[in-house]
Amino acid sequence: MERRTLTYAIVAMIIVAIIAGAVGYYMLPRPAPPTPPVGPIKIGIVDPLSGGAAYEGQSGVNGAMLAVEEINAKGGVLGRKLLLIPEDSTSDPASAAAAVRKLIVEDKVVCVLGDYFSSNTAAMLEVSDEYEVPLITGISTAPKLTEEYHKWFFRTVATDAMNALAYAKFMIEQGPKTFVIIAVDLEFGREAAGIYGPSLEALGGEILADVYWYGAEEVDFSAMITDILAKKPDAIVEISETVAGALFVKQAEDAGIDVPIFGIGAQATPAYIETAGEAAVGVYSCLGYCPLLDTPGNAEFIEKYVLRYHEDPTEYAGFEYSDVYLVAAAIEHAGSADPAAIRDALEKIEISTIIGPIKFDEMHQSYSLVVIVQIKEGGEITLFKAVKAEKPPS
Amino acid sequence: MLEQQILNGLMIGIVYGLMGVGLNIIFGIMDVVNMAHGEIYMVGALFLILVMGGIIPNYFAALFVTIVISFLLGALVYLGIVKPLVGKPLLSSALAMIGLSIFLENIVIALYGPKPVDIRFPIGGVKEIGGLRVTNELLTIVGITLVTYAILYVFLYRTDFGTAIRATVQNRDAAALVGVNVSKIYLFTFSLGCMLTAASGALLGTMYLFYPVMGGSAILKSFTIVILGGMGSVEGAVAGGLLLGLVEILGASYISFAYKDAFGLAIAIIILLIRPQGLFGRG
């Protein structure tokens with residue numbers, strides 16, 4: 001008898017609970033229908049912020065940060081502020097890819113900028129393709145990145161092949177007949193050495209030895225320099241980052257090498273000029289951007305940059321600054337901060353920036369300027385010439 | 001050209017040795033592997049820059065002050081981090097020092113910035129002797145290193161305190177039994193090791209450049225030197241440095257410059273196979 005009462009009580013309680021639950025469910029306030037996002041529009045930037053290229057990477061981020069601040073000061077884009085989220089890629093493609101994944105999945109960025117290293121960018125564009133978020137590089141110059149089509153990847157800087165076309169011609173015009181090439185053993189160096197050697201030979205130059213490769217962290221070039229002295233070239237082609245490149249010219253000068261040095265890479269950066277000191281004088285460099293350009297807005301950019309960071313902007317700063325303006329224009333153009341809408345807008349967009357006009361071809365490659373400069377006494381940079389990049393014959 | 005390459009290798013090898021001595025003296029006496037070795041090396045170069053930029057513009061005076069400050073830094077690190085971990089398993093102190101290395105590298109990047117700095121050496125120019133070229137900078141730095149070795153030698157072999165240190169290396173307990181104050185020896189040796197490491201960082205940083213992540217390749221080279229010469233041996237570290245300098249330069253010039261770092265590691269593997277205790281190590 002008692003057991004039956006208990007059973008009834010439990011059944012009654014369960015029924016009451018179900019009814020109460022159902023009533024409660026319908027009585028509770030419904031979650032509001034999704035409203036358009038009002039927070040900032042997040043843009044990721046991945047560059048090496050530690051390791052041997054930390055200086056270059058940081059200068060790129062500095063440029064982008066300045067652009068974001070300027071745009072926000074003018075009221076942002078579509079009434080929303082921009083928020084730049086930097087991530088450190090080191091010189092390691094796996095870290096670079098992980099950084100992009102983190103930015104897209106956790107931070108929900110609508111677009112990613114970077115990287116400094118072509119090898120990193122090659123890893124990053126796989127991720128941006130997978131997650132369908134646009135990736136824009138203004139620094140990586142390895143040609144193969146835009147030789148195959150990637151739906152979500154865009155490049156604002158001319159490739160090494162485009163630069164080589166103009167720069168190799170310039171080298172031969174300066175008079176040297178025989179060359180040696182030294183190159184950093186990274187994707188960037190391998191690609192550039194593979195392009196410049198044949199370009200110079202095609203124009204009648206002679207390459208005296210196999211490419212002298214060196215590790216990215218190398219600091220002592222005495223063995224290489226002794227060998228180069230014995231070969232007596234008319235000129236040296238130096239494909240390098242800041243630290244190693246500056247050390248090479250310093251040690252080469254100490255060893256008595258006084259032939260023209262044609263730099264490819266980070267030669268025209270304040271850090272290179274400061275660290276190489278006197279030895280940097282006379283070194284040529286081929287850039288995509290330089291403070292001396294009279295592109296629209298460049299003078300104002302330099303003034304603000306120097307005020308903010310107390311040094312002249314590097315080309316990486318110039319490009320990543322422009323890339324932020326490109327993204328802002330694409331968002332404005334699309335009327336939406338949706339990654340797919342930004343991508344579609346990037347394909348059609350045509351804007352004028354401090355690095356020159358940006359407009360992408362069918363492979364998402366833009367034809368920026370090829371700027372040839374020389375370092376003078378006191379670290380001054382003089383502009384030799386600037387030409388619009390051309391598509392090299394394939 | 002071969003003579004020039006051998007000269008280059010020997011000169012740089014002498015300075016490499018100093019890097020190894022700092023690591024080895026600490027390991028030999030207290031069985032602590034200084035995993036922050038590379039960052040102490042980096043901090044040595046930074047101290048030199050700061051001292052030269054601030055109070056003492058004279059390079060040599062600034063180098064001396066740097067060495068004194070580095071000794072004090074070593075003492076601080078010993079008292080703050082290492083002391084409670086001496087005699088504990090090797091891993092405890094190694095992990096603590098890895099922590100210190102990460103801290104030092106990042107605090108320098110945060111406070112001083114990632115930019116490379118060229119430390120100006122006051123004596124420029126090149127000496128040419130019989131067709132061989134050496135910069136006065138390298139010549140002077142090698143000279144300073146050799147003087148440091150000489151002082152270290154006299155200290156270790158001609159003073160009572162040095163004898164006590166060597167006794168502690170041979171047998172810690174026996175040394176304690178005959179009245180050697182082992183904890184004082186530890187404090188002093190750790191500071192001395194840091195001082196030598198920082199001095200090598202200041203000197204090599206002058207030859208090359210200062211940059212906050214310069215410690216990474218330094219610790220790799222130092223371990224190679226220590227493996228070549230033998231763990232715990234001061235003479236071994238000097239010999240290991242010379243050997244590494246030669247092997248790197250000769251391998252780079254006659255085989256491949258790109259694999260310069262690999263030659264040092266390859267010779268370290270060979271030594272480990274045929275004489276695991278290193279050239280001068282205790283069997």
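Trainee: Leaving aside its neighbours within four places in sequence, which residues is A:D220 in contact with?

Mentor: A:D220 is in contact with A:Q251 and, in chain B, with B:I12, B:Y208, B:I249, B:F257 and B:K260. Contact means heavy atoms within 4.5 Å. This is a predicted model, where local features need pLDDT of at least 70, side-chain atom pairs count only at pLDDT 80 or more, and totals for chains, interfaces and linings use all residues. Residues are numbered from 1 along each chain as its sequence is written, chains are lettered from A and ligands numbered from 1 in the order in which they are written, and side-chain values use heavy atoms, leaving out hydrogens and water.

Trainee: Thanks! And where is the place of A:D220?

Mentor: In the loop of chain A between β8 (212–214) and α8 (222–231). Helices (H or I, at least four residues) and strands (E, at least two) are DSSP runs, numbered from the N terminus.

Trainee: Does A:D220 count as buried or exposed?

Mentor: A:D220 has 6% relative accessibility, so it counts as buried. The cut-offs are under 20% relative accessible area for buried, over 50% for exposed and partly exposed in between (1.4 Å probe, protein chains only).

Trainee: New topic: A:D115. Where is that one?

Mentor: Look in chain A at the loop between β3 (111–114) and α4 (118–131). A:D115 is buried because its relative accessible area is 0%.

Trainee: What does A:D115 touch, not counting residues up to four places away in sequence?

Mentor: Among them are A:V46, A:D47, A:P48, A:S89 and A:N120, and A:S140 is also touched. The C-alpha atoms of A:D115 and A:S140 are 6.5 Å apart, although these residues are 25 apart in sequence.

Trainee: What about the peptide bond from A:G114 to A:D115, cis or trans?

Mentor: That bond is cis, with omega near 5 degrees. Most peptide bonds are trans, and most residues other than glycine have a negative phi.

Trainee: Okay, which phi does A:E132 have, positive or negative?

Mentor: Positive, about 55 degrees, although A:E132 is not a glycine. A:E132 is in the chain A loop between α4 and β4 (135–137), and its 46% relative accessibility means that it counts as partly exposed. A:H310 is not a glycine either, and its phi is positive at about 60 degrees. A:H310 sits between α11 (298–309) and α12 (315–334) of chain A, in the loop. With 67% relative accessibility, A:H310 counts as exposed.

Trainee: How many residues of α6(A) are buried?

Mentor: Ten of the 14, so α6(A) is largely enclosed by the rest of the structure. The buried ones include A:D160, A:M162, A:Y167 and A:F170. After α6(A) comes A:G175, with a positive phi near 115 degrees.

Trainee: Over to chain B. At what angle do helix α1 and helix α5 pack?

Mentor: About 45 degrees, with the axes of α1 (residues 2–30) and α5 (residues 136–158) 9 Å apart. Axes are lines fitted to C-alpha atoms, for helices over the stretch in contact, and angles run from 0 to 180 degrees between N-to-C directions. α1(B) and α5(B) are therefore oblique to each other. Angles under 35 degrees count as roughly parallel, over 145 as roughly antiparallel, 65 to 115 as roughly perpendicular and the rest as oblique.

Trainee: And how far apart are the axes of helix α3 and helix α8 of chain B?

Mentor: Those axes are 7 Å apart, and α3 (residues 59–82) packs on α8 (residues 182–207) at about 140 degrees. α3(B) and α8(B) are therefore oblique to each other.
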